[in-house]
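Please look through the sequence and the structure below before reading on.

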Amino acid sequence: MRNPQLDKNGGLQHLLTIDGLPRDVLTAILDTAAPFTEVAEREVKKLPLLRGKSVFNLFFESSTRTRTTFEIAAKRLSADVINLNISTSSTSKGETLLDTVDNLCAMQADMFVVRHAASGAPFLIAQHLAAMGLDHIHVINAGDGRHAHPTQGLLDMYTIRHYKKNFGNLVVAVVGDVLHSRVARSQIHALTTLGVPEVRVIGPKTLIPTEVEKLGVRVFHDMRAGLKDVDVVMMLRLQNERMQGALLPSPQEFFKYYGLTADKLECARPDAIVMHPGPMNRGVEIDSAVADGPHAVILPQVTFGIAVRMAVMSMLAGA
Amino acid sequence: MLPDAERLCADLAESMRQGLHPDTALVGIHTGGVWVAGRLHAALGLKTPLGSIDVSFYRDDFSRSGLHPQPKTSDIPFAVEDRPIVIVDDVLYTGRTIRAAMNEIFDYGRPSRIDLAVLIDRGGRELPVCPRWAAQTMQIEPGKSLQLERGETGVLTLRLIDA
């Protein structure tokens, strides 16, 4: 079966997950994002690439950063952006996901940016569009359940490449609530695909998925051992809203063992960078002194995210 | 027999020397136009730093052929507002690239004027674009593409290839 994200010429048709995307596609996205960063410096922060296109932000789960940066990206590309806050609209009146999509297609949608609590929802939409013969409509996954958040993974890779230049000699640690994190899964697939030789995951046994080693990572339950000599620390948010049952004694105890403090960060390389996808829980997974400290590149991640999303939207719209 | 590109750069600089405002900025179009602009900038001793643009984000064939792979970062290291600008390109053909370049420049500000300098004007215009300076005019059949190349030693040469 063909990768559902790629068209028959190997071009990007949808962006649903990083898993299974060839390295050259990932590299092409990062290369394309670079010139978009310069647009933010201009008097007129606008490019004509998506002029006349309608981008629908379909957020079935709340989001501020991701939705806003997608909106800015689409607007800087001159698209018309329509934000649908689904929790207050038709779905609550009983409409199915695909009925909502069909209605938006009837409004001449060109692109859907989808966030959904159910893993696979963006894939379902892409599959539906293909069945309807609507190949000119593109889907971007903006986070689905515990599955994937590909543009976050890509902007993280862009950030790493910006500061570390290449991936070939890095040790990268993904720290915290890996179990519930779609961000972690996208990061791990991106890191291994781009050739990072050592990817570690660090967290308590209750928050590390079983058999995660099969993704090509080393597992550490001791934070100091896991952070030893790493170049990049990728913190994850503790996802309290997705937790069922007693996975953690308390946020305080989590912070004691897995919260990133200046003291623990000393185990990493002196030039290590610290990343976080946001929103941060200060004092739970990261100490304020680190979040605001010299190693943190958390706000540049947000800025790069706009350029990466512009690149993805342009590559899809031109396909 | 194709003309010597380095010679054309020198000729172009000479023809431009008279009548250039001291605040003039050169903007080369990636990739060949940037090389030519670099030659002109040195030969003319301009004090405004050299600009470069990649018009991939402004091309009119985006909806047909998509985004060109590996776009370069545009770099306009001077204030565009009220400044005379010369767009520099290697080969002028349909004029569509120049239209895109002018659109891009206006997103940085309102220049006082824009002129166009090219190494070769090969005819075949599809838009009302006319260079103020062209080092050479030559007829090239539509199926061919005239390309500027830079060798390992940095020397510029012209090559005719099948488009």
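**Helix packing and a domain**

H5(A) and H11(A) cross in a right-handed way, where right-handed means that the near helix is turned clockwise from the far one by less than a right angle, and left-handed anticlockwise. This is a predicted model, in which local features need pLDDT of at least 70 and side-chain atom pairs count only at pLDDT 80 or more, while totals for chains, interfaces and linings use all residues. Residues are numbered from 1 along each chain as its sequence is written, chains are lettered from A and ligands numbered from 1 in the order written, and side-chain values use heavy atoms, without hydrogens and water.

**H5(A) with H11(A)**
- H5(A) packs against helix H11 (residues 298-317) of chain A at an angle of about 115°, and their axes are 8 Å apart.

**H5(A) with H6(A)**
- The axes of helix H5 (residues 150-164) and helix H6 (residues 182-193), both of chain A, come within 8 Å and cross at roughly 50°.
- H5(A) is therefore oblique to H6(A), since angles under 35 degrees count as roughly parallel, over 145 as roughly antiparallel, 65 to 115 as roughly perpendicular and the rest as oblique.
- The crossing of H5(A) and H6(A) is right-handed.

**A domain in chain B**
- An unreviewed UniProt entry lists "domain: Phosphoribosyltransferase" for residues 5-129 of chain B.
- Across residues 5-129 of chain B, the chain is 33% helix and 21% strand, with the end C-alpha atoms 23 Å apart.

Notes
Axes are lines fitted to C-alpha atoms, for helices over the stretch in contact, and angles run from 0 to 180 degrees between N-to-C directions. Helices (H or I, at least four residues) and strands (E, at least two) are DSSP runs, numbered from the N terminus. UniProt positions are given in the numbering used here, feature names are shortened, and annotations may be inferred rather than shown by experiment.
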